[in-house]
Amino acid sequence: MQQGKYAEAKQSFERAIQADPKYTLAYGNLARAETALQNYGNAMEALAQAIATDTGGFFDDKRRAEAYSGIGIAALKEKKGEIAAECFRLALEATPDNQEFLRNLAMGYLLSGRSTDAARVLESAIRKNPTAEAYNTLGTVYAEQKRIQDATAMFQRAVQMNPNFTAAQQNLRQITAQGGQ
């Protein structure tokens, strides 16, 4: 893995699992290799096996959430919205109030064409814990839905909360140029 030879690493982890089907860390490392190889469905299956075979408590809530988040972030980068959304949904089972995971779940939904679900997640997150990042992401969702005034208001709120938030400033400039208030 450290040398970037993910296919070879995958084979090694699979052999380790054949030798010992309860080898939790081999499943966890297999998930990492599959993620690096962009085999996100396989990565999720390997991680589920790692969690299922974990009798020592290695995959506590924090590690489980971080592992699913890692797969989800990689899936977001590759525009695999459904897989990303599922990963962040699973990560949120372990850490329900994690704002970053909520925003990433929303982005997965948005990439999957589920903008209504994305907006619902972000609106709920903002009610619980309003952050500039959540307002900016909700603005992105509203812009995708062609709700220009709502998007403008969200970007403005993000900039008000954090005047140095470059992404929100850029989004506000862009939406204003498109006819937002």
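Axes here are lines fitted to C-alpha atoms, for helices over the stretch in contact, and angles run from 0 to 180 degrees between N-to-C directions. The model is a predicted one, where local features need pLDDT of at least 70 and side-chain atom pairs count only at pLDDT 80 or more, while totals for chains, interfaces and linings use all residues. Residues are numbered from 1 along each chain as its sequence is written, and side-chain values use heavy atoms, with hydrogens and water left out.

**Exercise 1.** Describe how helix α4 packs with helix α6.

*Solution.* Start with the helices, which are DSSP runs (H or I, at least four residues) numbered from the N terminus. Helix α4 covers residues 61–77 and helix α6 covers residues 99–111. Next, the geometry: their axes lie 11 Å apart, at an angle of about 35°. Finally, look at who touches whom, with contact meaning heavy atoms within 4.5 Å. From α4 come A65, S69, I73 and L76, and α6 brings E100, F101, N104, M107, G108 and L111.

**Exercise 2.** Work out how α3 is oriented relative to α5.

*Solution.* Take helix α3 (residues 40–53) and helix α5 (residues 81–94): they pack at about 20°, with axes 10 Å apart. So α3 runs roughly parallel to α5 (angles under 35 degrees count as such). On the α3 side you'll find Y40, G41 and M44, facing I83, E86, C87 and L90 of α5.

**Exercise 3.** Is T24 buried or exposed?

*Solution.* First find T24 in helix α2 (residues 24–36). Its relative accessible area is 11%, so T24 is buried (under 20%; exposed is over 50%). Then check its side chain, which reaches the backbone oxygen of T53 at 2.9 Å.

Note on methods:
Helix = DSSP H or I, 4+ residues; strand = E, 2+ residues; numbered from the N terminus. Parallel < 35°, antiparallel > 145°, perpendicular 65-115°, else oblique. Buried < 20%, exposed > 50% of the residue type's maximum accessible area, 1.4 Å probe, protein only. Polar contact = N/O pair within 3.5 Å; in protein donor to acceptor, adjacent residues only side chain to side chain.
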